[in-house]
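Have the coordinates open and follow along.

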Amino acid sequence: MTKRKNNLRSQDPFLAREQEKYSDPLPSREWVIELLEQKGVPVSTEDLANVLSIREDEYEFFRRRLGAMVRDGQIYINRRGLVCVAEKLALVKCRVEAHSDGFGFAVPLEKKAGDTDLVLYDRQMKGLMHGDIVTVRPAGIDRRGRREGQVLDVIERANSTVVARLSKEGGVAVAVPEDKRLSQSIVLDINSIGQAQDGQVINVQLTRFPEKNLPAAGKVIEVLGDYADSGMEIEIAVRKHHLPHQFSKECLKAAAKIPANVRPKNRKDRVDLRELPLVTIDGETARDFDDAVFAEKVGRNFRLVVAIADVSHYVQNGDGIDGDARERSTSVYFPRRVIPMLPESLSNGICSLNPDVERLCMVCDMIITNMGNVKAYQFYPAVMRSHARLTYTQVSNWIESGEEHALKPQIDVLHQLFKKLQSKREQRGAMEFDTVETQMIFNDNGKIDRIEPIKRNDAHRLIEECMLAANVCAADFLLQNKHPSLYRNHKGPTPEKLEVLRQQLALLGLQLGGGDAPTPKDYAELAAQFENRDDKEVLQVMLLRSMQQAMYEAKNEGHFGLAYSAYTHFTSPIRRYPDLTVHRAIKAVLLGEVYQEESWQGLGSHTSFNERRADEASKDVENWLKTYYMKDKVGEVFEGRIAGLTNFGIFVTLSELHIDGLVHISDLGEDYFNYRPEIMAIEGERSGVRFKMGDAVVVRVASANLDTGKVDLSLISGGSPGDGNRQSRSTPRSRSGARGKIHEAVVRNGRSDGAAKKNRRSRKSTGKDTAETPTAVAATKKPNSRPPKSAKAQRRAKGNGAAGAVATTTAKAKKRNERKKSSKSSKKA
């Protein structure tokens, strides 16, 4: 690498920017890519370094920069060591999302218009693990119309450790991952096992990642204990989903320097709101308070003040606390435990808007008209003092009872404003689904005592509308000032999902308006139609599933569900990192500056992924706890509704407990049942009995498997008659059409297993169902059907049992044998 007369390095258009960062800067990434594009062909690292006049002492740093560009998907270094521009090869940087069945998808980290996920088949997945960051080249379309992907390189491994179950057999030890998406077992170093017992939960450090012909290898670094130990479900979830749960030394050191109280110098250049009666309204168990509200009448209008904890004052971009907060992206909430995004001294201390103490905040101060429109707003930093810590239950009771209390004037105005905002929401066509959420009530021994639904009241909705108004103003403020930021985008249904939804609705006698481009209002009008239906919850889930998942993205694309043209998250910086970046962006605008992230879109992908990761971990723990709770309910009977249909059975949500369980398709009755997606039902081949979404059923708890976190149910009654045109149906249902009464006589409700097997043997021997067999498929002969032609047929129809049928068959065989012998004797004679 020597100096060239025509030094291309000095022509770098981004040289000034690089000089601000480094005293002796390397060529910028943009300039490297531009030179590669000008060259038109891949070049070696050495040749590229020579072209850019890279000195000997800089060469290693230059290689590192190229490595970083590979990790970011900007370039690709092929097997010959040549540097290629990623876009020239149509390469896409993706995250692997594996499926328990062995295949997976490559999900682009930065999706462009028209980009979809790329399917990866088993052969591609052998050297990959869930969460890996890879470089993928599109490789055509498969027979199902999906884009196929070819993995060229693994940029970053997601799993350095894996939580698993120890399995010992024949002197060989393997770790079976708890995450079923990691479908391959890990070979363990036998010397690392120590005293760990077969079946115990362990944490494994990978010493070799899987390759196409070799499994992953690892060593035990932690023995967590037995699977059923108290609190084990959280320890597993934390490690299974790789949730950062210990703060770094740098983070704790930085947090320790932050004072516990607001200092006088911190009030400088802030609006003093200490005398304004701001209050917080949260759940009974909340410990971190992000937001406080105040409302008053201003003529015919309302003034709404939403004060949000000023986390950005204490957490500076790039400091020790920020690094950990960015890595976590969100707080994770488990029953009885929280893994916070920020150290507790901040989340529950100096940043939390606790009552009767001074706190720094960022304020959205709005004027809202009597029609519910935001007429004007402004953002500013302030210092405040919460005048009360209120709960949803408390405020709801005040509103309903109308009782006198010190804060009544303000609460009454807040409630009046809420009604205006709610009315505007309805006009806008925003969806509002009151889906049932549950909370687990634990006893003193840490065992679930009961599961209760969380009932949303006007206090919940009041705070929600206030937060929505502030979030919309934040999005508008950043757009108006053209400052980069993260937006909370929620897109409507894809054509494929919309088609499925319309088919489902048609079978239920419902219709979604709007043609090929339904609006949120179309969805809201449909939801109003089934407000009083028994299957309301199931229908709400169907509508939600038809829409795409909400994401954090750098470009505003609106929020379909809330019917907003622009929306962002401003109101929860204690527990969500995107909100913290929005605060920084707003502050930068107020100061006439620019707050810049290295990649806003990259940050959006990162925080969206971590949000889903936190949700999955919470659901894992909740499912395990519910399964554990159901172990004591085995044998008990519950009412429920069908919440899902698959080719292997029906999912039932138990009405009292809001817990899901599976009735296997083989347990739906004595018939062959098939899933028929064209009618959104599971149907019996002979009986025509159908099971549809939302149908009421009665089930018994058959088992609760802690290993899989699944509850198995057996059917007692349910289902409905078919269309009456089944050609293969030999016997009808009872006159009442109530399948339950027929099915209640089956094995699981009084009849012995032996009797059931006996009848099955009888049907095998005779080749027909007995006429009196009380099953879902053969109940009684039609009243107008012809009587049997022979006495033997009559005996068969009355169901003389297996012995009679066998005896009849044996007698026939005996006569045939006698005739054969007689015939042979005649021939011999």
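## Cores, a helix and a sheet

Q: In this predicted model, what makes residues count as touching phenylalanine 570, and which ones do?
A: A contact needs heavy atoms within 4.5 Å. Leaving aside residues up to four places away in sequence, Phe570 touches Ile308, Met362, Cys364, Phe379, Ala470, Asn471, Ala474, Asp579, Val582, His583 and Ile586.

Q: Which residues touch the most other members of the largest nonpolar core?
A: Leu346 and Phe570 do, in a core of 85 residues. Helix α13 gives the most to this core, with twelve residues. Another core, of 67 residues, lies apart from it and includes Met431, Ile682, Val699 and Leu715.

Q: Why are the buried residues of α11 said to be on the same side?
A: Tyr392, Val395, Ser396 and Trp398 are buried in α11 (residues 392-401), where the label asks for under 20% relative accessible area. They cover an arc of only 160° around the axis, so they sit on the same side of α11. Their packing partners are β15 (279-282), β22 (388-391), α12 (408-428) and α13 (458-480). Just after α11, glycine 402 has a positive phi of about 70°.

Q: How do you know that β1 and β3 pair?
A: Pairing requires at least two bridges, and β1 and β3 (residues 82-85) have two, in the antiparallel sense, so they qualify as paired. Serine 44 has leucine 82 of β3 as its bridge partner.

Q: Why are β1 and β2 called edge strands in the sheet?
A: The open antiparallel sheet runs β1-β3-β2. β1 (43-44) and β2 (75-77) each have a single partner strand, so one side of each lacks a neighbour in the sheet. Helix α2 (residues 29-39) packs on this sheet, touching β1, β2 and β3, and its direction makes about 95° with that of β3.

Note on methods: Residues numbered from 1 in each chain as written. Predicted model: local features only at pLDDT ≥ 70, side-chain atom pairs only at ≥ 80, totals over all residues. Heavy atoms only, no water. Helix = DSSP H or I, 4+ residues; strand = E, 2+ residues; numbered from the N terminus. Axes fitted to C-alpha atoms, helices over the stretch in contact; angles between N-to-C directions. Buried < 20%, exposed > 50% of the residue type's maximum accessible area, 1.4 Å probe, protein only. Arc of directions from axis to C-beta. Core = buried A, V, L, I, M, F, W, Y, C linked by side-chain atoms within 4.5 Å.
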